[in-house]
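Let's take a walk through a protein model together. Have a look at the fold below, and then we'll go through it piece by piece.

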Amino acid sequence: MAEDSELEKTEPASQKRLDEARENGDVPRSRELATFAVLMAAGAGLWMSGPRLVGQLGKLLSNSLAFEREQAFDMSLLLTHLGSGIVDVLIAFAPIAAACMLAAIAAPMLIGGFVFSGKAFMPNFAKLNPLSGLMNLVSSHSAVELGKAVAKAVLVGVIAWVVVRGRLDEAMTLATEPLTTGSTHLGHMLLTTFILLIASLAVTAAIDAPYQLWHYANKLKMTREELRQEAKESEGNPEIKAKIRATQREMARRRMMAEIPTADVVVTNPTHYAVALKYTDGKMRAPKVVAKGADEVAAKIREIAGEHRVPLLEAPPLARALYRHTELGDEIPQALYTAVAEVLAYVFQLRAYGRNGGMRPQPPTELDVPKEMDPLNGPAQPDAAG
């Protein structure tokens, strides 16, 4: 059962799969919405420019039927006259054609956005497989498309019958009207009927657009195993990443340990924390932390410092403050300047004692560490004891 659940496509598509589908030109599209938008644009264009268009077409018809005597006997002149008339007709219909073109471009972008993919033009021989074609014919998606086509035909047919039946008496009176008035009346009736029929397609478009979005999301669903595999490919194998992080930490630790022999002093807690400080007069603005650690790492720092005769100073408040408020390579905080200056002064006196002898300096005991810098004076810390 667990294996079956792993293979079921129950998870929403990841952003990576959505991006790949978009790169392949696979985006949600609604043919019903596009058809409705184009026909509605054509109907609205005819409604707004109908009288002007009829006038233009009337003039074009008169001009095309009237030609000079020379044109009747010269085929080239006649063809030129005919071509000029065709161009004028195309210009007359250009605004409506432009509106239809804009609607055809804008309608698909409403649910899928604009996308251009060269992969969509590449030949796909898998689509030529007759078995796949037969499977598509009996798929649930094909059944839904067939149902939509039947429902649309029934809907448009019923509305057309209702509209035509309601205007039947009005159509019968056209024979009694003058030619000009009757023609205008007939054109108005046809245009109104056309727009009403196109508006009926809004119902199918309103149903089809959400369905296409749902079908697209359902088609790209993923199994849990696919999600895990994708995460491994995009983010890397967690086990490998853990090994890399462990290796990086070990390398950083080795570099840190290599810096301890160059330190001037190691401040300890005395056993829980250890922080190694280094200061070069004229080259550093303030002392820097070259090594720090707690527990086992602190013990290793003390061990290496002892091997290389780096002075150790027990100063628990200062060690805790340095460990909490600094990182490797950082200069010490300004609030700790005074305390660290006392420590370094003791170290320099200790070096002078080692070279020249005399009275051995006493380590500082009361260092000026601000209370807010010591973690023990703040909220309880689980690792501050020691």
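Predicted model: local features only at pLDDT ≥ 70, side-chain atom pairs only at ≥ 80, totals over all residues.

## The sheet and its neighbours

Four strands make up an open sheet with mixed pairing, in the order S3-S2-S1-S4. Strands here are DSSP runs of E with at least two residues, helices are runs of H or I with at least four, and both are numbered from the N terminus. Two strands count as paired if DSSP finds at least two bridges between them. At the edges stand S3 (288-294) and S4 (312-314); each has a single partner strand, so one side of each has no neighbour in the sheet. From one strand to the next, the twist averages 20 degrees.

Strand S1 (residues 265-268) runs parallel to S4, and three bridges join the two.

Contact means heavy atoms within 4.5 Å, and angles run from 0 to 180 degrees between N-to-C directions, with axes fitted to C-alpha atoms (for helices, over the stretch in contact).

| Helix | Strands it meets | Angle |
|---|---|---|
| H13 (residues 316-325) | S1, S2 (273-278), S3 and S4 | about 80 degrees with S2 |

Residues are numbered from 1 along each chain as its sequence is written, and side-chain values use heavy atoms, leaving out hydrogens and water.

## Zooming out, then in

Overall, the protein chain has 14 helices and four strands. Of its 386 residues, 29% are buried, meaning under 20% relative accessible area with a 1.4 Å probe, counting protein chains only (exposed is over 50%, partly exposed in between). Among contacts with a separation of 6 or more, 76% link residues 24 or more positions apart.

Now find Leu53 in helix H3 (residues 31-65). Is Leu53 buried or exposed? Leu53 is buried, with a relative accessible area of 6%. Leaving aside residues up to four places away in sequence, Leu53 touches Leu46, Ala92, Phe93 and Ile96. Take Phe93: Leu53 and Phe93 are 40 residues apart in sequence, and their C-alpha atoms are 7.7 Å apart in space.
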